[in-house]
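Subject: Structure handover

Hi,

Here is the structure I promised to pass on. Please open it alongside this note; my findings follow below.

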Amino acid sequence: MKNKRLLALVSLLLVFILALSAAAAPVNAQPQEGAQVTPEQVAALVESLPETGSYIYNWTTGELSPLTAKSPRLSYLTTVSAGISASGTTVKCSSSVSIYKDYDVDLDMELQQSTSSSSGFDGITSWYKSVTSTGTTSLSKSYSVSSGYYYRTEAIATVLSSSGRALETVVERSSSKKV
């Protein structure tokens with residue numbers, strides 16, 4: 001599993017570097033025009049991303065970009081956030097999404113665990129919320145964990161057209177917290 005993840009990470013890093021130098025080379029997760037994007041395609045995209053940072057993927061153009069303060073404005077969302085707090089061996093994962101256009105959004109939130117503060121994170125549980133209105137919506141869940149590990153929250157927001165076609169996916173990760 002680690003070798004597969006490392007290979008996927010190295011592959012994505014190469015694509016990402018080429019995309020930056022070539023001003024947006026497409027990633028191979030792009031569906032054909034009019035096709036539905038499956039949860040497996042979204043999962044494959046997220047799995048191929050580097051361990052840290054926040055990213056936006058445009059399913060129409062195939063462009064993958066890191067989210068930074070200088071990033072272009074998101075097409076359908078205002079913000080996506082992910083956070084984590086801890087009290088003893090209970091962590092509280094939180095995520096939110098702000099929508100300014102009337103589209104459906106699938107919000108997936110995953111609690112991840114690692115022995116390192118910056119790499120090797122694996123999902124241990126996840127939650128889902130479907131959002132169908134403009135404005136801000138939040139998802140917050142508590143979970144009992146083992147001490148001695150680092151934990152973080154990963155939020156994945158996918159904007160869907162009225163026909164269910166994915167338009168944009170944003171991946172946001174919280175900082176890690178040792179419990």
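Which residues have the most contacts inside the largest nonpolar core? They are Leu77, Val80, Val97, Val105, Leu111 and Ala157, in a core of 25 residues. A nonpolar core here is a set of buried Ala, Val, Leu, Ile, Met, Phe, Trp, Tyr and Cys residues joined through side-chain atoms within 4.5 Å. Buried means under 20% relative accessible area, exposed means over 50%, and partly exposed is in between (1.4 Å probe, protein chains only).

Two notes on how to read this. This is a predicted model: local features need pLDDT of at least 70, side-chain atom pairs count only at pLDDT 80 or more, and totals for chains, interfaces and linings use all residues. Residues are numbered from 1 along each chain as its sequence is written, and side-chain values use heavy atoms, with hydrogens and water left out.

**Overview**

The protein has two helices and ten strands. Both are DSSP runs numbered from the N terminus: helices are H or I with at least four residues, strands are E with at least two. From the N terminus on, the order is α-α-β-β-β-β-β-β-β-β-β-β. Of the 179 residues, 39% are buried. Take the contacts (heavy atoms within 4.5 Å) between residues at least 6 apart in sequence: 66% of them join residues at least 24 apart.

**The cores**

Back to the core of 25 residues. Two or more residues come from each of β3 (77-87), β4 (90-99), β5 (104-114), β6 (122-131), β8 (150-160) and β9 (166-173). Apart from this core lies another, of 13 residues, including Val46, Trp59, Leu64 and Val171. As background, nonpolar side chains tend to be buried together in soluble globular proteins.

Look at Leu111 next. Leaving aside neighbours within four places in sequence, its contacts include Ile84, Val91, Cys93, Thr125, Trp127, Tyr143 and Arg152. Thr125 sits in strand β6. Beyond neighbours within four places, Thr125 is in contact with Met109, Glu110, Leu111 and Tyr143. Thr125 and Tyr143 are 18 residues apart along the chain, and their C-alpha atoms are separated by 8.7 Å.

**Strand β8**

Ten of the eleven residues of β8 are buried, so this strand is largely enclosed by the rest of the structure. Strands pair if DSSP finds at least two bridges between them. The partners of β8 are:

- β5: antiparallel, with eleven bridges. Asp106 is bridged to Thr158 in β8.
- β9: antiparallel, with seven bridges. Glu154 has Arg173 in β9 as its bridge partner.
- β10 (residues 177-178): antiparallel, with two bridges. Tyr151 has Lys177 in β10 as its bridge partner.

The hairpin of β8 and β9 has five residues between the strands, and Gly164 there takes a positive phi near 90°. Ser161 is in the loop between β8 and β9. Is Ser161 buried or exposed? Ser161 counts as buried, at 14% relative accessibility. Not counting residues up to four places away in sequence, Ser161 touches Tyr103 and Leu167.

β4 and β7 pair over ten bridges. Ile99 has Gly135 in β7 as its bridge partner.

**Aromatic pairs**

How many aromatic pairs does a search of the whole structure find? There are four. Rings of Phe, Tyr and Trp (its six-membered ring) pair if their centres lie within 6.5 Å; planes under 30 degrees apart count as stacked, over 60 as edge-to-face and the rest as tilted.

Tyr57 is buried at 1%, and Trp59 is buried at 0%. Another is Tyr149 and Tyr151: the centres are 6.5 Å apart and the planes are at 65°, so this pair is edge-to-face too. Tyr149 is partly exposed at 30%, whereas Tyr151 is buried at 0%.

Best wishes
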